[in-house]
Amino acid sequence: MTATNAVEGLKRARRGVGVAGRGPATPSPRGRQGRTTLGRSWGTLTAFALPSLILLVLLNLFPVIYAFLQSLQNGTPSTLPWEADFVGLQNYVTVLTSPQFWQAAEFTLVFTIVGVFGSWIVGLGLALLLRTRIPANTVFKVLLLLPWIVPIVVSSTAWNWLVATPQSPLPVLFSWFGLDNVNFLGDPLLAQILVCVFKVWISFPFMMMMMSAALASVDTNVYEAARVDGANSWQTFTGITLPMISRSTYIAWILMTIFCVNDFPTIFLLTQGGPVNATTTLIVLAYQYAFQNLQTGIGTAIAFIMTAVLVLISVVLYRQIKKVNIE
Amino acid sequence: MSQILHADSQAPVTLGRLDSKSGKADISTGQRGKWWRFLLILVVTLLIIAPIIAVVVLSTQPSQSTSSATGFTLANYVFVFTQTDVLLWLQNSIIVALATVIVAVAVAAPAGYVLSRVRNRLVSGYSLILFVIQSLPVVTAVIPLFITFSVLGLTNTLASVAIVYIGSTMSVAIWMMAAYIDSIPISLEEAAWMDGASVFGSFTRIVMRNSLPGILSTAIFSFLLAWNDYLIALIFLQDQSVYTLPKGLETFFQQNATDWGSVMAVAVVMMIPPVIVFAFLNKYFSVGGIGGSLAGR
């Protein structure tokens, strides 16, 4: 890096831009010439973008179009598109009128809301705490990232061990408080709470990182001004800190919403969507239809409805970001 | 929370501390507040990582089914490495993850350059495509890919999962590279162009040479995606000989009486690479970069 900078400096010096490149630049002619070089090299730029474009089309766009076709057909995961019966929008009608879909949609909503705001509150709280001067600050930062770094298969194994049988640690802990036979994987409500808490546990480090980055960019001068004006700490938090990090917060919410709705392993590994479908989210339902019931049409129809809603939510939040940017 | 902000607002602000790094320096209180917060964060951290500590501890305990003794033992590790396919699955996981990282970075770096440097309608359209792709659930793409790969005879191969991983990491990888390249001043390149360098020349000699942190973050992101995935492996890999670790771990779970010692030993093997990557390279990994580039366009 430094070597390159030195070479650049030398070049600039040779052109008389300034001693060792530190002098004032002469932007207009150089800038124009630079733009022309970039503008003229569209061949190179196309070659740069092409491999990624081909991969994106083949691995992302093509499957989605194909999947849409499948959602209009009555196929299994092994039938080819021209072998399956075309049924039009029948699958969508079936899906939208089935109670299973609405039950899954309801839990997806709960799971997403708890996942997004739960992880945001925990993440922001820890980010605020870690911003202060604490011994071994960095060590805590790295340790707290662990739930996010550790593979989901490993963490679900750990949580499974915590609750699997009546002799597992958590049920034993609950029995000390007089709650005997707490069966986290057998009781619908407890299973729902368990997967939500598990999701928050996995996701808060991501929020913590995003919020730490946002907090680091807040100018501390503003706090001083607020103190002079007599604001208390809660007023400072809601009046200054939150608005100043609002842009990052919206971005984090969008990303986390996408992560939550699209999250298959968190639920599938812990409960398989059970008991009695209590923890089945839309994505788990789509998987079950496509690969367990072998009704690909219904599975993809569910996935498409889910995606449509997700894109809608993302666009609304995205607009909100734009608004914040203008302000 | 309120306590901290209170402390913050009372901290003396001196002019020397008003630069971008001032956040930490300003928030200083007395020793007592500091230790109170230290204890709080210590307890919270321990509670949070307790399940992970449990994994490590259990992996070194004798299994109840084979012996009644307690205490430290490496028998579980010896067992999973010699009596099961774990070594093979580990190898598979490494191959798949490395292939994903290499292809993802090689393709995303030049694409990120275009996204960062060129401003026209085509590129904004391209960026919009990336945004839409990012919000599509993997399950939608997986079903058609599964059928396509069956036709091509690719299912049940390591290549099939690596290809899907490359596809699912691509959009974020391009964003991350673009966000990093944004931070490399274009004036450096303009100077090279003045001297007759081509765009390809300035890309390789200036942008790539200065992009190590960006490349590393993209690589880490792709590596974690490939290493940690469960869904794709679940659907595409049916034969034990091509299992990756996440899919292999499942075979250790039995209907009743799971041998937790072996399970946790495999789990530890699985989490070592990501933890090492993070311990050494975490400074290169900034999530803010992804978010920032997402909102900026």
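A salt bridge, as I use the term today, is a side-chain nitrogen of Lys or Arg within 4 Å of a carboxyl oxygen of Asp or Glu. With that cut-off, the count between chain B and chain A is 0 salt bridges. Keep in mind that this is a predicted model.

Let me stay with the interface. Polar contacts there come to 3 residue pairs between chain B and chain A, with both residues of each pair at pLDDT 80 or more. On the side of chain B that touches chain A, the biggest contributor is helix 3 of chain B, residues 31–59, which supplies 16 residues. By residue type, that side of chain B splits into 78 nonpolar, 22 polar and 11 charged. In total, 111 residues of chain B are in contact with 111 residues of chain A. The two chains bury about 10,000 Å² between them, and carbon and sulfur atoms give 79% of that area. For the complex, the predictor reports an ipTM of 0.76 and a pTM of 0.80.

One to look at is Asp263(A) with Lys199(A), where the closest N and O atoms are 2.7 Å apart. Asp263(A) sits in the loop between helix 12 (246–261) and helix 13 (265–271) of chain A, while Lys199(A) is in helix 9 (residues 188–216) of chain A, so this pair ties together parts 64 residues apart in sequence.

Next, chain A by itself. Its average pLDDT is 81, and 88% of the residues score at least 70.

The unreviewed UniProt entry annotates "transmembrane region" at several spans of chain A, including 142–162 and 298–318. In the model, residues 142–162 of chain A are 90% helix and 0% strand, with end C-alpha atoms 23 Å apart. Residues 298–318 of chain A are 100% helix and 0% strand, and there the end C-alpha atoms lie 30 Å apart. The unreviewed entry also places "domain: ABC transmembrane type-1" at residues 105–317 of chain A. That span is 77% helix and 0% strand, and its end C-alpha atoms are 20 Å apart.

Now chain B. The mean pLDDT of chain B is 78, with 79% of its residues at 70 or more. Where is the mean pLDDT lowest among the elements of chain B? In helix 1 of chain B, residues 2–10, at 34; the highest, 93, belongs to helix 5 of chain B, residues 86–117. Two stretches of chain B stay under 50: residues 1–29, with 50 contacts beyond four places in sequence, and residues 287–297, with 30 such contacts.

For chain B, UniProt, again an unreviewed entry, lists "transmembrane region" at spans including 38–58 and 158–181. Residues 38–58 of chain B are 100% helix and 0% strand, and the end C-alpha atoms are 28 Å apart. Residues 158–181 of chain B are also 100% helix and 0% strand, with end C-alpha atoms 32 Å apart.

To close on the interface: carbon and sulfur atoms give 79% of the area buried between chain B and chain A, and the count of salt bridges between chain B and chain A is 0.

Definitions and conventions: Residues are numbered from 1 along each chain as its sequence is written. Chains are lettered from A and ligands numbered from 1 in the order in which they are written. Side-chain values use heavy atoms; hydrogens and water are left out. Contact means heavy atoms within 4.5 Å. Buried area is the accessible area (1.4 Å probe) that two parts lose on being put together, summed over both. A polar contact is a pair of N or O atoms within 3.5 Å; within protein, one must be able to donate a hydrogen and the other to accept it, and residues adjacent in sequence count only if both atoms are side-chain atoms. Helices (H or I, at least four residues) and strands (E, at least two) are DSSP runs, numbered from the N terminus. Ala, Val, Leu, Ile, Met, Phe, Trp, Tyr, Cys and Pro count as nonpolar, Asp, Glu, Lys and Arg as charged, and the others, Gly among them, as polar. pLDDT is the predictor's confidence in each residue, from 0 to 100. UniProt positions are given in the numbering used here, feature names are shortened, and annotations may be inferred rather than shown by experiment.
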